[in-house]
Structure formats: structure tokens, C-alpha cells
Amino acid sequence: PSEYRAPTLEKVLQEGVIRYGVRTEGFESDLCRAVSAAVFGDLNFAELVPVSTKDRFIALANGSIDIMAYGTTHTMLRDFKEKTTQVGFSFSVPYLYDGLAFAGISSFVECADNLNSHKLDGCDRLRICVCELCSYYDILSQNLFPDYALVPDSNQKLVDNFLDGSCNVLVGERGALTQYKMFLTNRNYTGEFTMGRNLFSKEPLALVTRGDDPEWSDIVNYVLQSLFEAERQNITQLSASFINDTTFFNKGP
């Protein structure tokens, strides 16, 4: 028989912390703190655990993290049989729609933006770095530039390949490309890094939880929906202090 795993809500309340798999500190980190604030009444009960594109689903499946907040695209395959774990996961409502875009050396970004690989325009020297386990790898390799993709085994290697000239264009959602630019700046890169004009997909980015714990998945979804409703109601950090506390988790007076 498989080892018993306590429901995630029970686990995090007992341990006093929610562990979130993240890329870097940023927008998704604020979503993490919102979930902790809902569960514990304190946004500081959040531990941000760095994960990579390669190991993020593995970390979620084995319980190393409780929620993935990585800018992850919701796909049908990941609902039922994600590639690295062979199990399905639960996705929240999308908190952001982004899309596949190109960035890097301007002349080659122009080639990619125009889907141009012609030798006369110099576009035959186009080399695009993309992470293998990203949803946009499938789009790039199957539909756009199947012969021009380089596949580093980590985001760090992807940045290394750009710095050493192995590739001249990076691909990802605009949010990811902005982070790549930050990584390059931290490596003292002073060359050009131009963002492309076009989007070639529409990616629904969502928070991810294990597929075997619907109660926890619902809680995460409720928090996101509450944030959306608060925005519709023009509830701000200032005005929220005049709203009665919730007893959703039976922590009322």
C-alpha cells in the first residue's frame, strides 16, 4: 500500500508554514503571501523555495513544496500526465495570460519575430535557446523554428549559452524574458537585449497544486478568486482594514 499523506491543509497548519516553489522574488511571491494570509492570518507564514523548470513538478509531487507559483502554463497534458512525474496536477484559475515571445540580439529577434530564416537576410544564423520542459518548447520545435532551437538543461545554462554566443535569441513568456534580462545584468552583460514585438501564443499562467488534494486546490482557487473580486470591488490595502475578518478556517472569536 502507498504511504499515507496527510491532507495539505492539515500538514501546513501543523508545520506552521506553506512552502511555495518559485523562480525568483516577484509577482508570484505576492500571490504566495496572499494564500498564507488567508490560511494563517499572517502573510509571513510563507517559505519561498527556489525550483527549476526541470524539477518543479517533481518537487510538488513529492511534497517538498505545497504550491507551485512559477508562472506555469495550464495545459491539458499537465492535467492528466505531466512529463516528468507521469501524474496529473490541479491548476487554479489563470492569474495572468502571457505568451511566447522572443528577445536578444535585435537583428535576430527581428528574424524570429518575422518567422524568417532566409540566408539572404542573415537569418539562417538564427539560434534560439529554449528550455525543454517549457510549454513553448513544443510550440517552437513543432511549429515555428524546429531546426534552430538549442535546448539547455537549465535556465542557468540557457543564460550561459546566450553569453558565449551559442544562441542569439531567447524564447519565453514576457515575464520570463524580463527575468532573463535581470540574470544577464547580474552577470555584467552590457550588450543589447531587445524584446520582440509579437506574441505567438496565449499562455494561461496558474498556481499549481497536487491533483490528489481537491480541498487544498479549492482553497488556493478561492484565494485567487477573492483577489479578483477585491479588485472589482475596489478594495485596497487601506480600505481592507475596515472589513470584518473572515472565519473561513474556523479561527474566529
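Predicted model: local features only at pLDDT ≥ 70, side-chain atom pairs only at ≥ 80, totals over all residues.

User: What makes C111 and C123 a disulfide?

Analyst: The cut-off is 2.5 Å between cysteine sulfur atoms, and those of C111 and C123 are 2.0 Å apart. The pair therefore counts as a disulfide. C111 lies in helix α5 (residues 106-113) and C123 in the loop between α5 and β7, twelve residues apart.

User: How do you know that C129 and C167 are joined by a disulfide?

Analyst: The S to S distance is 2.3 Å, which is within the 2.5 Å limit. C129 sits in strand β7 and C167 in the loop between α7 and β9, 38 residues apart. By this rule the count comes to two disulfides.

User: Why is the disulfide of C129 and C167 called left-handed?

Analyst: Because the torsion about its S-S bond is about -105 degrees.

User: Why is C123 called buried?

Analyst: Buried means under 20% relative accessible area. C123 has 2% relative accessibility, so C123 counts as buried.

User: What puts the buried residues of α7 on the same side?

Analyst: The buried residues are N155, L158, V159, N161 and F162. They cover an arc of only 160 degrees around the axis, so they lie on the same side of α7. An α-helix has 3.6 residues a turn, so residues three or four places apart point the same way. Among the elements that cover the buried residues of α7 are β3 (67-73) and α8 (174-186).

Conventions:
Residues numbered from 1 in each chain as written. Heavy atoms only, no water. Buried < 20%, exposed > 50% of the residue type's maximum accessible area, 1.4 Å probe, protein only. Helix = DSSP H or I, 4+ residues; strand = E, 2+ residues; numbered from the N terminus. Arc of directions from axis to C-beta. Contact = heavy atoms within 4.5 Å.
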